[in-house]
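I'm opening my notebook on this one. Here is the structure I looked through, with my entries below.

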Amino acid sequence: MTALTYRYVALTDTGLRRSTNQDSGYASDRLLVIADGMGGAAAGDLASSEAMHIIRQLDRDLDVDALDALEQSVKLANARLGELIRKDPSVEGMGTTLEVMLWDGEKFAVAHLGDSRAYRLREGTLAQISTDHTFVQSLVDEGKISPAEARVHPHRSLLLRALLGRDDNSADLSWLQPRLGDRYLLCSDGLTDMVTDDVIQQALAAETIDMAATELVRLALEAGGVDNVTVVIAEFVEKGTDPDEHLSSFDGQPQLVGAAAGQARPRTGAAASGSDPSPSFDPEELRYAPRPPGRRRWLRWTAAVLVVAGILTAAGGYAYSWSQDQYYVGAQDGEVVVFKGVDAKIPGLTLSHVDEATGIQLTSLSDFQRQEIEDGVEASSKIDALRTVADLDVATPTPTPTPTPTKKATPRATRTTAKSTAADVAWLR
Ligand code: CA
């Protein structure tokens, strides 16, 4: 078998509608990474860059199995997010997607979590090799909607899994065997929400991977650029091939782009420092951003009474813990939200909290559905609750005026060379 190596490039752009870049990208001759942060402007970039700083510690000689090392690194990154959230509750709800390929000299160890994607271009044909951890993908898998319908679904940005600093969201881990001539693309949803796979296939086949990266980012901006867009590309060549001096990877240096390449902004408690100029509802930012609990509906009294009674007995802990594994769809501040817990209000006891905001206004529903939601709709699981949300008949809202893009639709490279710091290494202890 021909010994292989690869050339690489990483490129990002904040896009035309956002003021900050919450994506991070990394490419080197051993490691390719995309981390798309979420949780509002105040925390998304923190989640993305903290995860990136831990994952890129893998870019060194490893004396263990690459997949084991990758799994361990994802767990460390998750623990780090959990630690940050415990220290500063204002960043609760932040998280990041992860798409990682770690080269062991013969094959890639791959980790996937969230809706950033990995594609392979082989002999001119594009194949998506990751499966989105999204609500709409679960509907596609069950044959309820087509991939084309998923692209325009109102809840397409709802994630079912991401790196959130909790222990209930693990990454998909697998091995990948590249071939000579293969090109691999890792990208954030800022690309795939904007352009179709056909367009990606054509652009990814550009003469060089640097041209392909520039073209992909340009196409996302041209299509609206509503989100940060980040691409990382690798192209397999025979080991020993002379480096191409026209490529950005000619110098052999790692490329780090986006949030992880910038200075971390100081955080002073309230996560309200975001100044995104986007309209009031931004589905991307609400993907995992909880809001403070508000008023509850007067339902499920039986369960509530049992919990209270239970608290006075030895069964209290169990009853309470059971109540916190329940879900329902309800309303808060005029918006449809998914609650975790039971729908009842007991003085001095919080039995539910917002698990997922949907961005759907009650005013966009029929009177009947609005009443149903205000009363609370029980669900057997989170996915069941999201299905209830997806089944709502939402009236098309009056278009919100959007700011005229002032930036030129040309990608700006914000690449810097990655260097390990003492602080980075300290986290690995
Ligand atoms: Ca994104």
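I started at Tyr6, which is buried, as is Phe236; buried means under 20% relative accessible area, with exposed over 50% and partly exposed in between (1.4 Å probe, protein chains only). This is a predicted model, where local features need pLDDT of at least 70, side-chain atom pairs count only at pLDDT 80 or more, and totals for chains, interfaces and linings use all residues. Residues are numbered from 1 along each chain as its sequence is written, and side-chain values use heavy atoms, leaving out hydrogens and water.

Next I searched the whole structure for aromatic pairs and got 10. Rings of Phe, Tyr and Trp (its six-membered ring) pair if their centres lie within 6.5 Å; planes under 30 degrees apart are stacked, over 60 edge-to-face, the rest tilted. Tyr6 and Trp103 pair edge-to-face, at 6.1 Å centre to centre with 80° between the planes. Tyr6 sits in strand β1 and Trp103 in strand β5 (residues 98-103), so this pair ties together parts 97 residues apart in sequence. I noted that Trp103 is buried too. The Tyr6 and Phe236 rings have centres 5.3 Å apart and planes at 55°, so that pair is tilted. Phe236 belongs to strand β11, so its pair with Tyr6 in β1 links parts 230 residues apart in sequence. One aromatic cluster holds Tyr6, Tyr8, Trp103, Phe108, Tyr184 and Phe236.

Then I checked the strands (DSSP runs of E, at least two residues, numbered from the N terminus). β1 pairs with β11 (residues 229-238) in the antiparallel sense over 10 bridges; pairing takes at least two DSSP bridges. Asp13 has Val229 in β11 as its bridge partner.

Conventions. Helix = DSSP H or I, 4+ residues; strand = E, 2+ residues; numbered from the N terminus.
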